[in-house]
Amino acid sequence: MMSGIFPKERLLYTKFLFHSLIAVIGLISVPLHIIFSPDPSVSMTKFTIHSNVIVTIIFTISLFVLFVKKKENHMMDLCKNAALIYMIVVLSTYHFILSSGGEYGGIRTITNFTLHYLIPILVLLNWIFFEEKKWYRYKIIFYWLAFPILYGAISLIRGMYDGFYPYFFLNPNGHFPDGVGSYANVALIIVGFTLVYCMLGFLLILINRVILRFKHAKYIKSNKKVI
């Protein structure tokens, strides 16, 4: 059956299936991870949960757009690039900073893996193999920063009222491993994360541009007339 599909249609079909996989895993993993949490109200405050909800929504909408229009608009492309940045931060922050801070059992062992590793890796693979590379302006980075900045601001404001912080590095009151000791330290950490987001955004835009230039140069070379 696949042999009778044209390459472009085959790519669209495979992309649709890949998007379905990401959306389905997200739709299953997020609620299960919260429901089976020892404290669901705490689990719901995590950046991992919020980011995976965003990814699930984006790829679910993308499925609908691909099914109806066969082609996505510029806004959807920007959202997918934002999702990729968030997922890279989720994977790297958990793996290098948070993975030793708690143990998971039962179904949450699986959902912990899918939310922190599998979905981020699938989103990265989707960008590599299925997403059209485009020329973005560097100011787009500030739009991609909106969600993490908003998340950090709300977390800090809430912490001032009820003393709860979703992560130890946002807690200015306690000392490691419960907090970081002061608002100055929290500010430094937020600046550090902001720089990471900016670097990831810059790198993503740069890679897009390099790939586009390479394709353009290859196209010019292949279509150059031999005199």
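**Entry 1: Leu32**

I started with Leu32, which lies in helix α1. I am working from a predicted model here, so every value below is computed from it. Is Leu32 buried, partly exposed or exposed? Its relative accessibility is 26%, so I put Leu32 down as partly exposed. I then looked across to Arg108, whose C-alpha atom is 7.5 Å from that of Leu32. Along the chain, Leu32 and Arg108 are 76 residues apart.

**Entry 2: salt bridges**

Next I went looking for charged pairs.

I turned to Asp77 next, which forms a salt bridge with Lys134. Their closest N and O atoms are 2.3 Å apart. Again I found a link between distant parts of the chain: Asp77 belongs to helix α4 (residues 74-98), while Lys134 is in the loop between α5 and α6, 57 residues apart. Why does Asp77 count as buried? Its relative accessibility is 6%, and the cut-off for buried is under 20%.

Then came Lys80, in a salt bridge with Glu131. Here I read 3.0 Å between the closest N and O atoms. Which residues do salt bridges with shared partners join into one network? I wrote down Lys15, Lys80 and Glu131.

**Entry 3: helix packing**

With α4 already on the page, I looked at how it packs. I noted that two packed helices are described by the angle between their axes and the distance between the axes.

For α4 and α5, the angle is about 140° and the axes are 9 Å apart. I therefore call α4 and α5 oblique to each other. Their crossing is left-handed.

On to helix α3 (residues 47-69), which packs with α4 at an angle of about 150°, the axes being 10 Å apart. That makes α3 roughly antiparallel to α4, because angles over 145 degrees count as such. I marked the crossing of α3 and α4 as left-handed.

**Entry 4: a surface patch**

I moved to the surface. Which residues form a nonpolar patch there? I listed Ile121, Leu124, Leu125, Ile128 and Phe129, with about 430 Å² of accessible area together. I took a look at one of them, Ile128, which is in helix α5 (residues 107-129). With a relative accessibility of 43%, Ile128 counts as partly exposed.

**Entry 5: a peptide bond**

My last stop was a peptide bond. Most peptide bonds are trans, but I found a cis one joining Phe176 and Pro177. Its omega is about 10°. Where is Pro177? I placed Pro177 in the loop between α7 (146-162) and α8 (183-222).

Note on methods
Residues are numbered from 1 along each chain as its sequence is written. This is a predicted model: local features need pLDDT of at least 70, side-chain atom pairs count only at pLDDT 80 or more; totals for chains, interfaces and linings use all residues. Side-chain values use heavy atoms; hydrogens and water are left out. Patches are made of residues with over 30% relative accessible area and no salt bridge: like charges are joined within 9 Å, nonpolar side chains (Val, Leu, Ile, Met, Phe, Trp, Tyr) within 5 Å. Accessible areas come from the Shrake-Rupley method with a 1.4 Å probe; for residues, only the protein chains shown count as cover. A salt bridge is a side-chain nitrogen of Lys or Arg within 4 Å of a carboxyl oxygen of Asp or Glu. Helices (H or I, at least four residues) and strands (E, at least two) are DSSP runs, numbered from the N terminus. Buried means under 20% relative accessible area, exposed over 50%, partly exposed in between (1.4 Å probe, protein chains only). Axes are lines fitted to C-alpha atoms, for helices over the stretch in contact, and angles run from 0 to 180 degrees between N-to-C directions. Angles under 35 degrees count as roughly parallel, over 145 as roughly antiparallel, 65 to 115 as roughly perpendicular and the rest as oblique. A crossing is left-handed if the near helix is turned anticlockwise from the far one by less than a right angle, and right-handed if clockwise.
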